[in-house]
Amino acid sequence: MSVAQADALPMADGPVLQLNALSVRLPPGAERSHAIAEVSFSLSRNEILCLVGESGSGKSMAAGAIMGLLPPGVKVDGGRIELHGVDLPSLSEAQMRKVRGEQVAMVFQEPMTALNPLHAIGAQIGEMFRIHTGLTAGDIAQRVSTLLGEVGLPPAMAHAYPHELSGGQRQRAMIAMALALEPQVLIADEPTTALDVTTQAQILRLIRDLQQRKGTAVLFITHDFGVVAEIADRVAVMQHGRLVELGPAAQVLNAPQHAYTRQLIAAVPPLTPPPRKQIADAPVALDIAGVSKVFRTGGFLGRGARVTQALDDVSMQLMRGATLGVVGESGSGKSTLARCVVRLLDPDSGHIRIGDIDLATLSRRQLRQATRRVQMVFQDPYASLNPRRRAGELVAQGPMAHGMGRADAMAKARALFELVGLDAASIDRYPHEFSGGQRQRIGLARALALEPEILVADEPVSALDVSVQAQVLRLLADLKARLGLSMLFVTHDLRVAAQICDHVVVMRAGKVVEAGVAADVFTQPRHAYTRELIDAIPGRDWSAGSTLQPAFPAPAPRLQEATP
């Protein structure tokens, strides 16, 4: 059967896409022989199948195999990928170019890397029509405007460039591009991982709405079980390249059969904060008072400049030995505040006091010694670690800059590696040789190398899968207790904030709108914005041990699938 013939097939209730015993071989020298081993599942019209598992489980490789976009040296070496009976791996590259976009489209995890920074959004969406259709320029412009409206973007956004859009807007533009030719199958690879809860909720509603209106079959790849609970009709769980569990969402989430599935679900942080021993009469470790920061961009000689009030008279206190969470949407000022605290940014006004030292007023020379007292763990450990330096050298760099001899600094690096749960022998490896969770542990070791009093953690677990996230959170809690650290924890993940923070500050548009004990903020929020954030949490009505009711009718019966 040809691809053209497949186009003419009726939209049946049976599978649109079917993987039959699919195997994908890795290059020689990889940690295992196959990225995917004999995986079978199907995807029907008007269905959302969530493919879940840890990093390295083979989720994205499955998507790459379906799209014919596997990395060099990686190839399908067994099984079939059938789109209406057509085996996709058997098609030529020219035939696959016709399949991509027209019949199967993909939304990538990081739209900033998938979108061309040199072309406006409208031109990139319009390219789908220019390549695959004979539409005139006027018709294409009209189609682009319609698509932007369908994903909740104004038509004027067609003239904007990727860097001028927020993360949520870029993701919407990617979805518009993927849906341009109304494909039968949409693959969404971690499309909400780095988004805040309200934007995440908007994207999930958008995908569900488009799927129901257009009858699209959606393969949704994620490691977030809250997202699974919110959007999935069925769930497929992968581990080490193999399918270990497959079934309706309510069944998998309420009564998981495989030990690995139970382990993943158990790692999901519940929304209810645990009982915490309140620190009575603890001294103030960090006092932030009246901090403001304004960014000015564009304009000539100050004319026509765009002014953004990133922080507006922000005040809060971190008590010694406590964890203070700062939560809010993207653009609320959370990360700007964190960078002001460690003086990666200079505040325009206000005070940032550690004891009798005001970090906000120190010169760069004075900061050299004072910043030993406060260190930062960044959101993306790979971007913050020099890829040309060995891991041990990166950890030893701080002590050496403050006068410690190389031998002593490297010995300290080995001890810190063991402290954060890494093999001391791995100090000679480079950052790319570690997993994401291990790189975050290296970032922690580097921050602890100067023995700070305060640790500023800026979204330290947002890009990690649930089991690694749970490990890093346990490590942070353990280190805080053992070393007597005080922690400023910046996050958009309210589940994480509920579990690790003693107190919580909610920020919106550069202002503090609510602050209090974590248990009070999460169970009895006073501000409407806080309630809005909590209501937007994916799967907020479900957590490990609770019961998820099927939100949608059970899909129609489908062909028999291979069971793992």
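Predicted model: local features only at pLDDT ≥ 70, side-chain atom pairs only at ≥ 80, totals over all residues.
A disulfide is a covalent bond between the sulfur atoms of two cysteines. Cys 340 makes a handy example, since it takes part in no disulfide. The nearest cysteine sulfur to that of Cys 340 belongs to Cys 501 and lies 20 Å away, whereas a pair must come within 2.5 Å to count as a disulfide. Cys 340 is also buried, with a relative accessible area of 0%. Cys 50 is likewise buried, and its relative accessible area is 0%.

Attention now turns to a pair of helices. Helix H15 spans residues 391-401 and helix H16 spans residues 406-419. The two pack with their axes 8 Å apart, at an angle of about 120 degrees. Because of this angle, H15 is oblique to H16. The crossing in which H15 passes H16 is right-handed.

Which residues make the contact? On the H15 side they are Ala 391, Gly 392, Glu 393, Val 395, Ala 396, Pro 399 and Met 400. H16 contributes Arg 406, Ala 409, Met 410, Lys 412, Ala 413, Leu 416 and Phe 417. Sorted by class, the contact of H15 with H16 has 10 nonpolar residues, three charged ones and one polar one.

Just after H15 comes a backbone detail to look for in the structure: Gly 403 adopts a positive phi of about 105 degrees.

Note on methods: Residues numbered from 1 in each chain as written. Heavy atoms only, no water. Buried < 20%, exposed > 50% of the residue type's maximum accessible area, 1.4 Å probe, protein only. Axes fitted to C-alpha atoms, helices over the stretch in contact; angles between N-to-C directions. Helix = DSSP H or I, 4+ residues; strand = E, 2+ residues; numbered from the N terminus. Parallel < 35°, antiparallel > 145°, perpendicular 65-115°, else oblique. Left-handed = near helix turned anticlockwise from the far one by under 90°. Contact = heavy atoms within 4.5 Å. Nonpolar A, V, L, I, M, F, W, Y, C, P; charged D, E, K, R; others polar.
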